[in-house]
Amino acid sequence: MFGYYLDLALRSLKRNKALTALMVLAIALGIGTSMTTLTVMHVLSGDPIPQKSAQLFRVRMNVFPDDSFRPGDKVPDNLTRRDVEALLRDARADRQAAMSAGAMVVAAQGEPLRVATRYTGADFFPMFDVPMRYGRAWSRADDASRARVAVISSVLNEQLFGGVDSVGKTLQVGEQSLRIVGVLGDWNMNPRFYDLSNGQFGDSEQVFLPLSTALDLKLSSSGSTNCWSRTNDARAADAPCIWLQYWAELDTPAKAATYRQYLQNYIALQQQAGRFSHAGQAEALDVMQWLDAKGVVPADVRLQTWLALGFLGICLLNTVGLLLAKFLRRSGEIGVRRALGASRRAIFLQCLVEAGVVGLAGGVLGLALAALGLVLVRHQPTDYAAYIHMDLRMLLATFVLALASSLLAGLLPAWRAMQVAPAVALKSN
Amino acid sequence: MHFRHILSALGRHRIAVGLLVLEIAFSCAVVCNALFLIGSRLERMQRPTGVDEAHLVEMFIGSVTRGSADAVMAQTRTDLAALRAIPGVANASVVNQTLFGNSLNASGVSLSDEAKAPSIPVTQYMGDAQLADTLGLKLVDGQWFKPDEFITEEQLESGHSGLPVIITKALADHFFPGQSAVGKTIHAFGTNRVVGVLDRLVQPHDSGPAEYYGYAMLFPVNLPYTEGAYVIRVRDAAQRAAVLQGALRALKADGPLRLISPKYAFTLESQRDKYYRNDRAMAWMLVGVCLLLLVVTAVGIVGLTSFWVAQRRRQIGIRRAIGATRGDILRYFQTENFLIATLGIALGMVLAFGLNLLLMRHYELGRLPGYYFPVGAIVLWLLGQLAVLGPALRAAAVPPVVATRSV
């Protein structure tokens with residue numbers, strides 16, 4: 001029966017090519033724009049590190065002194081050096097790393113190069129599953145001894161050393177030389193969740209070195225620094241400034257619960273020690289909670305998605321109208337089929353098959369339009385443009401959306417068509 | 001034209017008419033709000049900065065080896081002299097932060113030095129005595145800093161207090177509404193006396209509520225080049241590229257090994273373009289969606305009207321046979337469309353208002369100004385009339401003889 005309906009549908013669609021084309025075009029435009037924006041949403045709200053996102057926790061706390069504390073304010077993202085050093089000393093998590101972004105100028109043949117840098121700890125590399133092409137990351141002992149070591153990206157390795165194994169060579173930073181102990185493999189996190197304050201999307205840093213070393217050498221850090229009182233050196237051990245990011249790896253939910261309790265105890269101890277009299281706040285957010293809290297998907301993208309879905313709705317309304325016109329135009333034909341014994345259900349199904357065929361055709365064209373739309377998105381000068389691509393799931397979703405929306409649009413016209421009274425239709429013909 | 005006849009005819013197609021009315025209503029609502037969004041983006045992109053944008057270029061220089069503070073300061077003076085000697089350069093200066101740049105330097109500012117006093121974050125520009133002239137800033141009240149008021153960076157770092165400050169008119173109006181700010185005191189770096197009021201200067205990039213964009217302060221500090229950027233004003237806008245080339249050459253010719261690269265040298269105009277690129281992209285996207293939406297709505301009108309024309313061929317033939325002119329038939333369909341569009345637009349206005357409330361709640365967006373409603377209405381009326389013209393002309397072309405051909 002289905003094959004017969006399909007045949008009828010194709011015949012009917014061929015009979016009025018202009019109207020069919022208009023319907024397919026309307027659905028395709030709606031599907032194309034919706035899938036373009038939904039793909040952008042899908043990529044931007046994706047999990048950058050799916051294998052570990054539930055085990056990595058961003059630690060935030062509020063240790064403002066009383067006169068800078070405003071109840072109801074959001075918990076600050078960054079920590080003071082004092083708290084970071086205390087947490088690192090306790091080392092209650094399976095792995096933990098404090099970090100900050102920085103920038104430095106390294107000597108190279110010809111022109112010096114400005115490179116983006118991350119100052120962090122030895123645990124950073126196993127925590128975030130960072131692959132190494134040559135050598136290995138520095139050790140916790142290097143952190144403790146403020147060793148003059150660095151890990152560089154494969155891009156910088158290509159630029160400075162032509163891509164060969166550069167482990168053991170030196171990186172000249174001002175008067176200081178750093179020994180290269182490792183070269184990264186391909187590693188880019190997008191969104192760059194471990195530090196969203198220096199561009200949410202983009203390449204990973206070119207140079208990594210121990211935070212202790214960077215502090216020792218007084219290398220300049222970048223990113224937000226918030227001090228609650230005047231200080232000469234915002235990076236000093238007891239500076240009243242929050243500027244360091246802190247991540248902990250906790251492999252089981254039980255450990256995470258224990259760690260959260262530890263943070264509460266830590267805050268309580270700080271309060272007892274007289275740093276502040278308010279209750280203080282401390283929390284550990286896993287990767288997806290953290291991305292959610294930071295609102296990584298830009299407001300513009302959300303707005304575009306709603307706009308596109310609204311547009312799809314209007315396209316569907318349009319399709320309902322056109323299908324209605326199409327089916328009712330065939331009242332005579334439907335009357336004949338009814339008179340020959342077709343049930344209302346049969347007419348209804350036949351009409352829905354026709355709507356589905358229009359929907360699938362619209363889906364195919366819509367996919368082409370979405371591909372075009374994504375090319376446009378990739379040519380936009382946004383920082384996430386390069387990472388937008390369609391995957392298999394979105395491809396399937398396109399057809400599901402096209403089919404579902406065309407069937408939905410077909411319901412009302414098919415219902416009207418099945419109510420055509422055979423006698424009236426035949427007489428008026 | 002008898003509306004009553006048209007209405008009773010439409011009454012026989014209630015569902016189709018309802019669909020068309022809904023489609024026009026939703027289109028109207030989306031188009032009104034989209035036009036408003038486009039308008040507010042364009043307005044945002046045209047905000048003035050208060051500096052002589054067309055004539056400014058800037059360059060960031062990285063130091064490779066850290067010299068002594070005195071040596072860096074001496075190098076800065078040498079550089080500035082070299083930059084000012086380049087043909088076509090009107091003035092050059094060091095500034096701690098650049099407009100449309102990534103870095104934003106701000107202090108909490110309040111009217112009292114009590115710790116609990118309400119304060120707002122205000123961005124601070126610091127620079128030498130030539131900065132105001134280089135940027136092309138305009139003073140509306142008070143005076144510029146005196147030469148002996150400029151301090152060094154070390155003095156600033158060591159907690160120098162009592163620095164005079166020049167603030168923008170927007171900030172002055174915020175703190176001292178209805179009175180002159182000159183001679184008043186604000187608390188930013190300790191206690192600061194206001195000596196002048198600028199017509200306008202803005203944050204490097206939007207930070208905080210929209211009205212904070214025009215809040216800025218200027219402090220008299222002689223900075224070394226490592227703490228900011230060189231900003232250069234050229235005499236002729238056409239010479240910007242040439243001056244940048246000359247400036248890179250001049251700085252490379254002298255001084256220690258430094259990071260001097262065209263990668264970190266820009267015209268302010270290109271920085272502005274880059275800063276607003278998302279807004280521009282969004283505005284174009286909205287224009288695109290509006291056009292597509294109108295096309296789809298027109299398609300709907302054409303499709304349904306064609307169906308009605310085909311269905312009523314005999315009735316049209318009969319009307320022609322008993323004396324209706326082609327013009328009568330044409331006007332019939334035009335009037336019918338006008339009625340449907342009017343219903344749709346009326347409903348669309350209500351929806352547009354509701355959509356605007358929704359947008360206001362979830363996005364930072366103001367109330368939809370009243371003049372967008374008639375604009376949306378006229379657009380959809382015109383669209384309806386254009387879309388109906390084809391089918392209506394076909395209807396008008398139906399010959400009277402159709403009336404006699406039956407079954």
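**A tour of the contact between chains A and B**

Select both chains: 37 residues of chain A are in contact with 38 residues of chain B, contact being a distance within 7 Å between C-beta atoms placed from the backbone. The model is predicted, so local features need pLDDT of at least 70 and side-chain atom pairs pLDDT 80 or more, while totals for chains, interfaces and linings use all residues. Residues are numbered from 1 along each chain as its sequence is written, and chains are lettered from A in the order in which they are written.

Next, on chain A, display helix 2 (17–44) and helix 10, each of which supplies at least two residues of the side that touches chain B. Helices are DSSP runs (H or I, at least four residues), numbered from the N terminus. Helix 10 of chain A gives the most to this side, with 18 residues.

Now select helix 10 (residues 299–329) of chain A with helix 9 (residues 277–311) of chain B; their axes come within 9 Å and cross at roughly 10°. Axes are lines fitted to C-alpha atoms over the stretch in contact, with angles from 0 to 180 degrees between N-to-C directions. The two helices are therefore roughly parallel to each other (angles under 35 degrees).

Key: Parallel < 35°, antiparallel > 145°, perpendicular 65-115°, else oblique. Contact = placed C-beta atoms within 7 Å.
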